[in-house]
Structure formats: C-alpha cells, structure tokens
Amino acid sequence: MRTATQHTALLTARALRSVSRVPVFMVMNLVQPMLWLLLFGALFRSVVEIPGFGSDGTYLEFITPGIVMMTAMFGAAWAGTTFVQDMERGVMDRFLASPTSRGALMVASMACQAVIALAQALVVLGVAWLCGARFDGGLGGVGLLLLGVVLLTAIFSALSNAFALLTGQQEALIGLSQMITLPLMFLSSAIMDPRLSPAWVAEVARYNPFDWAVRLGRAALDGSAPASEIWGPAALLAAATVVMAWVATRAFRARQKSV
Amino acid sequence: MTAPSAIEVQDLVKTYAVRGRPPVRALDGVSFDAPSGAVLGLLGPNGAGKSTTLKILTTLTRPDAGSARVAGVDVVARPAEVRRRIGYVAQRPVTDPMDTGRENLVLAGRLQGLGARAARARADELLERFDLGAAADRLVRTYSGGMARKLDVAVGLAHRPEVLFLDEPTTGLDPHARAEMWAEIERMTHEERMTVVLTTHYLEEADRLAAHLVIVDHGRVVAGGAPSDLKDALRGDTVVVEVADDGATARAGEVASRVTGLREVTTDGRTVRARTSASSAVVLPALLAALDAADVGVASATLARPSLDDVYLSITGRAFEAGAAAETEEVAA
C-alpha cells in the first residue's frame, strides 16, 4: 500500500510536469466551454421565462454548473491519450515489466486530470461571475461543486484509460467523446430543466453520472437546497468512481492476455 | 557449466488469435538455457518468435504452455519477483520525451524501489557513464537517435538488474552510435557480471557480443551454442572462385565437383562457391591446378572461415537478410 501511494505521487508528478510543459492544451480545452457559457448563456437568456422552468435566477446562472461539469467530463474523456502515447512508445511496457503499481498508474492519471479540471472549473466560475452570475451557495457551495468535478473527472478518466488499454488507439477515444460523452451531456439537466424535456430524457438522466454531477453542482451553488440533493448524487458519484477505477485497472490484465 | 542458469526456458507455446483467420502459433515449443554473467543472443527473422519470447520472459504476457525461469524465478508463478530483478529495454523508446534525461532516470529508479537520494545518485552515475551529462537536463525529445537509445539502456539499468533484456538495441542507429553501444554492452557484462539477453537483426552484432546464441525460426529453436561452435559445426571453409570468362562458369563448377575434399558446389554468375571437407591448404591448390588443366581462366580465388551468415544459411536454408525481408512482407500482407 505504501509503495502504491508512493508510485501514485511519482507518476502524478510526471503527468503534471508534462502538462505544465505544454500549457496550451489546457487553454484549448477551455475554448469550447467558454463558447457554450457565453453564447448559450446569451442566446437562450429568455428560456427561464418559459412557464414551468424551475429556476429563479438567470439562464447563465442555471447553466454555469452544467458547463463546469461539461468541461470536466469532456477533458477527462481524453485522459487515455497519455496511455496511448506510452503504449505507442515502449514506456508502458517498461512500466509493466517493472514493479510499478498498476493501480498507481491508473490513479495517477485520474489525479492529474482532476488537478487540471479543478483549475478549469475555477476559470469557468470566474468568467460566469464576471458576466453577472451570482450564487447564494458561497465558497462552501463552490467547494462542494469542486468535489463533484473531481469525482466526475475520475470516473471518465478511468473509462478513457480503460478504452486506451483495451484498444491502444487514439481513435477509440474520439469514439468515446463523440458517441458517449456528447449524448450524456444532452441527456441531462445541464442546459435544460428536465421538467421541460420529454419524460424519457428525465428517466435516462436518473442513471447518468454526468447528470448526478450537474445536480450536485447546481444544488451546491444554490445554497438553500436540502443536504440530500448534494450528498445523494455525491455518494453515487463516489461509488461509480471506485467501480470504474477498479474496472479500468483490470484492463491491464486484459492487455497482458492480448499482447 | 559452473555458472547457474540465468534463463531456463522449457517448451514455451504461445498462440495469438487473428480475427477472421486461423490463429497464429508464435511459439511452438521453444526451449533454451542461458548461463549467467554473459550475453545471450536471440537471433531470427521478423515474426520468428524473438519478441514473443522476450515478452514472456519479462512478464508482459503469459505462455499458453511451457515454463520459464529468470534468475531462478518462475515468470508465471511469481511475476512480481521477476520484475524486481530485471531491466527491460523495448524495441521502441522507453523514455518519456516530455521529461528530461535526468527526470526519466530518477523516476525509473524510484519506481524500482530506490530512495530519492539513491535514485538521484544513480542517475548522475549513469548520465556520466553514457556520456549524457551535458544533455541531462534537456527534454528527451531534443535528443539524437543515438543519445535517446543510450538513455533507454541507462533507464533499464537504473536499479542494477540481474538480467537486462535488450530488444534490438541498435536498430536504426548509425555505425558510430552502434559501435559505442556495443562497447557499452561489453563493459556491462564484464564489469557488473550482469546477464544480458539481446535480440538482434544484425549477425555481426550477435557474433561480436553474444557468448551464446539461440537461433529461432517459425516459433522453434533451430540451433543454439557459442558462435564459434556453431561455425565449427559447419566443418570446413568457404572457397569462392571467380572465373575470368562468363561462359566458363558451368565447366568450372563441374571441375570443382570432381576435386577431392570439396562439397556443396554452387555457381552463380561468374562465381563458383564450395565448402572444403579436408584441409584447405591442400584443397585450394588442387582446385586451382584442376581449373588450369581444364583451361578455365581464374580471376580471383578466396578462402574464408565460415561466417554466422553461413551458419544461418545452412540451418534455415535461406540467407539472413533475404529471409528477414520475406517475413516482413508476409506480416504486412
């Protein structure tokens, strides 16, 4: 256990070094959410006036937690890129032929993504604030929202890494982004109050980890939501994180059988 | 045989499933031993089973049948123990291009269990030894091919492994970098009494470095032994005679095959090739006299000790480079 923790720290440091050497990627990842936040926020400003839309604030305030989670999920879906690059070189084989902890390889990747996602979430929140969004939840609410960001990032980086290990191909990650994360974003309450969506969308959203994170974030920023609206989704996300990390670490064994 | 075996391989079998085609049997009962403290050369064309053997020995994959021990430890039963004792330098680069040389070495040492201080000291030592001190704090992506390959080997040595696996360490290097790498591998085995298992495409490399050779072909071991023993086993030197006149080759070949002490006579263009089965000092003058008597003009005549190329040719029935090329095409198709 001590070795695994140590390896996690060493490998997380390596991943963060690599990110810090090409900071432009982090900025690029922010372009899309900014467009969503600013364009959608302005374009659909009057959506909140539809009867039955369950939000007292502005549409910008409504979508901010959705955009924060979207940034986290979309970024995490590319986490496997590092594994693919390590597999294209002999780096992954070198790690696997050494006592390097498999769990540490997985958790380090999740941790590095979480750090990136936290920084990006703060940028999105800052821009929303500059545009006039105000949240009653205060700093405590932001802290809880960030907890959701970390858990959501962990789930999708583990999924992305599992895809990478099983296929060894960057194309698989493109598929993950297009076929899985994008639909998950629309099958949620991120940009539309589910009470105004078709009933089946609301039903699917109940099993959508992305929606759990959005609901957690919105309740946290709201400040007056009952605790169960925060800790219920948080518990689901935490459980999903543990399961995904375990499944993804198992993917190392599947790879050992296939090479 | 006083040294204990560093590698013991017994009847390894490995089959790969290929979608839409019958499964490929990469290893079909491979067995060999390697003494410790020496270089073992694993030789054979692409697709012969060299890399699969290495992947099993380094615990990256499991055999379907058979057993293997590295430094006395069973690779299937106790992979974690094996991983602590070996270093592995894959065919492709094993370093992170976005880290510096020093960072790569320190990380490798620490993942192998060295403390922070010990890992830094070992990194300094290896950087100096591989003449990479000046580039130590540059990102690896700025390294030349030769420098990057030296760093690969240094990374494999970070924890002073008992057995070092090198998968084609000099493929793609220029002659100067290759010579440097050879010198380094020789020094490693002599000074540190380390066992090195090396796969290679270059017979010259195997001849120079390996104390013991295993030649694999189609997933089986077709020959094994010290390079000099393998060459001696061919019994006899190679005689090559070039005739002065195109039309005389066939006649020269007939004459040669009647000379006592010559066998395996072949002709090609203006060249007649044969192997001696008696003392070359007697056979060559006899051949030249017979050709003279038959009125065949001789442009040149040479006598050569058998090379590893000859060994390979006689064992697999094809020339080494040609065999390698044919296999590559097969894999690509």
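**Salt bridges and the A–B interface**

Modeller: In this predicted model, B:Arg220 and B:Asp28 form a salt bridge, with their closest N and O atoms 3.5 Å apart. A salt bridge here is a side-chain nitrogen of Lys or Arg within 4 Å of a carboxyl oxygen of Asp or Glu.

Biologist: Which elements do B:Arg220 and B:Asp28 lie in?
Modeller: B:Arg220 lies in strand β10 (residues 220-225) of chain B and B:Asp28 in strand β2 (residues 21-35) of chain B, so the pair ties together parts that are 192 residues apart in sequence. Strands (E, at least two residues) and helices (H or I, at least four) are DSSP runs, numbered from the N terminus.

Biologist: What are the ground rules for the numbers?
Modeller: Residues are numbered from 1 along each chain as its sequence is written, and chains are lettered from A and ligands numbered from 1 in the order in which they are written. Local features need pLDDT of at least 70 and side-chain atom pairs count only at pLDDT 80 or more, while totals for chains, interfaces and linings use all residues; side-chain values use heavy atoms, with hydrogens and water left out.

Biologist: What about B:Arg208 and B:Glu186?
Modeller: Their side chains meet in a salt bridge at 2.9 Å, N to O. B:Arg208 is in helix α7 (residues 203-209) of chain B and B:Glu186 in helix α6 (residues 175-192) of chain B, so this pair ties together parts that are 22 residues apart in sequence.

Biologist: And A:Asp211 with A:Arg215, how many residues apart are they?
Modeller: They are 4 residues apart in helix α10 (residues 209-222) of chain A, so about one helical turn separates them. A:Asp211 is buried, at 4% relative accessibility, whereas A:Arg215 is partly exposed, at 35%.

Biologist: How many salt bridges over all chains?
Modeller: The count is 28. Between chain A and chain B it is 5.

Biologist: Which residues are linked in a network?
Modeller: A:Arg17, A:Arg21, B:Asp99 and B:Glu103 are linked by salt bridges. Within it, the side chains of A:Arg21 and B:Glu103 meet at 3.0 Å, N to O.

Biologist: Which elements of chain A give two or more residues to the side that touches chain B?
Modeller: Those are α1 (2-21), α4 (80-88), α5 (91-96) and α11 (227-258) of chain A. The largest share, 8 residues, comes from α1(A).

Biologist: How many residues are in contact?
Modeller: 27 residues of chain A are in contact with 31 of chain B, contact meaning heavy atoms within 4.5 Å.

Biologist: What area do chain A and chain B bury?
Modeller: About 2600 Å² between them, 53% of it on carbon and sulfur atoms. Buried area is the accessible area (1.4 Å probe) that two parts lose on being put together, summed over both. A:Arg89, A:Arg94 and A:Gln256 supply 25% of the area that chain A buries against chain B, more than any other three residues.

Biologist: New topic: how many disulfides over all chains?
Modeller: There are 0, a disulfide being a pair of cysteine sulfur atoms within 2.5 Å. Of the cysteines, A:Cys112 is buried, at 4% relative accessibility, and A:Cys131 is partly exposed, at 43%.

Technical notes: Buried < 20%, exposed > 50% of the residue type's maximum accessible area, 1.4 Å probe, protein only.
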